[in-house]
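Please view the sequence and the structure first.

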Amino acid sequence: MLDLNQSETGVSGEQAPGPATGTPHPAPLRPYLIAAAGLCALYFLYAYLRYSHFQSPSWDLGIFEQEVRAYAGFDAPVVDIKGPGYLILGDHFSPLVALLVPLYWIWPSAVALIFAQAALFAASAVVVGRTVQQVLGGRTGLCVTVAYGLSWGLQEAVKADFHEIALAVPLLALVCRALLMERWRAVVLWSLPLVLVKEDLGITVAVVGGLLALYGRRLQGFLLAAFGVASFALTVLVLIPAASSAGSYDYWKKIEENGGKEVPLLDSVLGVFDSSVKLEMLVFLVGITAFMALRSPLILLVLPTLGWRLLSQDSNHWGMVWHYSAILMPVVFLAMADGIRRSRASKRPWLVSYANVAAPVAAAIAVTLTQHLPLRDLLRPETYRADARTHAAEEALDAIPVGARVETDITLMAHLTGDRTVYWVGGAPGTAPDVVAINLDFGWSQPIEDPVKYAEQLHPEARYRISREAGSFVVMERTTPAPENG
C-alpha cells in the first residue's frame, strides 16, 4: 500500500490537491487552540488525579524531577534515585529536558512536569490538526484532532507520568508537517533538536534525511542522514559511556540478554514478530488511522523506534502500554493525511470513496477505543475521591522532614523529590539515610514482617525506629549519628 510517488493522477487526470501541488487550504488557528486547551485539561486532570492519589506506576517521574531540579540549580544532572551521585546522562542522553527549567523555577514540583507534558501533547495536536486541514480541506482537521488527541499512544503516555519523549512529540509533528508542506529547511531545523531528546532518535533523524532524499532534496537529505547517524554513534559510543560509572551503554543488554542469558542477534531478529502482543500493537498503530497511514512514505519514520522495541527482550517495550508509542502518534496521523490526499487522486473509485470518509472513521475508532483507555476513568466518580490509602500516604509524607535524605519505594517517591534527597529503596548502600519510608503493600517479592529489621538490613551501619505508621505506610527515622560520608 505504501506509495512513494509524490502525487497520483486522479480519475480526471489532474494531480492530487493539497500543499504539494497548490496553495494550502485555509485553517484558522482558533478552533485548534480551543481543542488543544481541552485536551491539555483532560491530560493534566487525569495525570494529576493519579499523582495526588499516589498511583505513580514507576520511579520515572521522580527521576525526571531530580534531573530538572539539578538543572534548575545550575548543577550537574545527578539523579540519586538511580544511585547516590548517579549522573543521568550516563543512562539516557536527554539534555533537552533542561528547557523545562523556567517552568520549574515558577513551579518547583513534579506536578510542573506533568503539566508540561500535557501542554506539549496538546500543542502537537494543534500542529497535527491544522496540517491535516491545510492538506485536505473541509472539516477533516478537527476530526483528526479528536482522533489524535484520544489516540492510545498519547493516553498511555499520560498514564505513565512524565517522560522525556514529551519534548519529541511536538518536534516530530513539526517535522512531518514540514515534509508535507515541502518546507525543506524547516524539516532540517525541526529535526536537529531530536538528537538531544533521547539517543535513539538520531536514527529517526537519519530516516528523515532519507525522506528528504526521496523527495528530491538529495544533498540536504544526505547531510541530515549523516548527522543523525553520527549523533547516534556519538551518544551511545562516547557521551553516554563517558558519563556512566559502568563505562558503557547499558541498554544494549535489552537486545543482547534475556534473564541474564545472552541472546544471539539472529535470534532477536527472528523473534521480531514472535509475540501476539507485538502484533496487536502494530495492528492498532496503523488501525487508528483507518490504515491510511500505510499509503504515505512518512510511515517509514516509525521504523527506528519500532525496530529497537521489537528487538528488545524486555516485554514492556512490545505492547500498547507505557509511553513508548507516544512519539509514533504524530507520525502515523500525518502519514494518514498524506495517505488520504494521495488516495483521493487514485484511479480506483473504491479507494477514493474510502479516503473521503477515512478521517471520520479514525475519529470514531479513537472515541470507541477510549472506552478501554485511561481517560475513560475521568467519567467514573470514584476517580475523584481520595480513599483511605491516599490519606495514609499523606500522613506518612507529613512525618518526613523537608531537607531529609529519604530512602523509599515508588509510592511516595515523586512527592518527595522536590524538597528532599531521595534514594530508591535498596539502591543506596552505605548512605544511612535520615529516613526510610516504605509502603508494605507496594508488592515486595517477599512480605516485610519487621520494617525496622528490614531498614537495618539495608543499612547495617545505622539504627532506626518507627516514627509514624499510617495504614500500610511505615516511616522510620535514624537514631544513630549520620556517617561522615553521609
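The model is predicted, so local features need pLDDT of at least 70 and side-chain atom pairs count only at pLDDT 80 or more, while totals for chains, interfaces and linings use all residues. Residues are numbered from 1 along each chain as its sequence is written, and side-chain values use heavy atoms, with hydrogens and water left out.

**Aromatic pairs**

- The structure holds 18 aromatic pairs, counted where ring centres of Phe, Tyr and Trp (its six-membered ring) lie within 6.5 Å; planes under 30 degrees apart are stacked, over 60 edge-to-face and the rest tilted.
- Phe-44 and Trp-107 make an edge-to-face pair, with 6.3 Å between centres and 65° between planes.
- This pair links distant parts of the chain, 63 residues apart: Phe-44 is in helix 1 (residues 29–52), and Trp-107 is in the loop between helix 3 (101–106) and helix 4 (110–136). Helices (H or I, at least four residues) are DSSP runs, numbered from the N terminus.
- Phe-44 is partly exposed, at 22% relative accessibility.
- The pair of Tyr-249 and Tyr-251 is tilted, because the planes stand at 50°, with the centres 5.8 Å apart.
- Tyr-249 counts as buried at 11% relative accessibility, whereas Tyr-251 is partly exposed at 24%.
- Phe-44, Tyr-48, Tyr-51, Trp-107 and Phe-115 are linked into a cluster by ring pairs.

**Charges over rings**

- The charged end of Lys-82 sits over the ring of Tyr-86, at 5.8 Å from the ring centre; the criterion is NZ of Lys or CZ of Arg within 6 Å of the ring centre and within 35 degrees of the ring normal.
- Lys-278 lies over the face of Trp-318, 4.5 Å from the ring centre.

- Helix 9 (residues 201–214) has 14 residues and spans 20 Å from first to last C-alpha, close to the 20 Å expected at 1.5 Å a residue (1.5 Å times one less than the number of residues).
- Buried residues of helix 9 include Leu-201, Val-205, Val-208 and Leu-212.
- The buried residues of helix 9 pack against helix 7 (165–180), helix 8 (184–191), helix 10 (218–243) and helix 14 (303–311), where contact means heavy atoms within 4.5 Å.
- Ser-231 is in helix 10 and counts as buried at 12% relative accessibility.

**Cavities and pocket**

- The whole structure has 4 cavities of 30 Å³ or more. On a 1 Å grid over the protein atoms alone, a cavity is a set of points where a 1.4 Å probe fits but cannot get out; a pocket is an open set with protein on both sides within 12 Å along at least five of seven lines; lining residues have an atom within 4 Å of a point.
- The largest cavity has a volume of about 80 Å³ (the space filled by probe spheres set on the points, which are joined across faces, edges and corners), and its lining includes Lys-198, Leu-201 and Trp-308.
- The largest pocket holds about 1000 Å³ of space.
- Of the 36 residues lining the largest pocket, His-92, Lys-198, Tyr-251, Lys-254 and His-317 lie nearest its centre.
- Helix 2 (60–72), helix 11 (253–256) and helix 14 each supply at least two lining residues of the largest pocket, and helix 2 gives the most, with 4 residues.

Terms used. Buried < 20%, exposed > 50% of the residue type's maximum accessible area, 1.4 Å probe, protein only.
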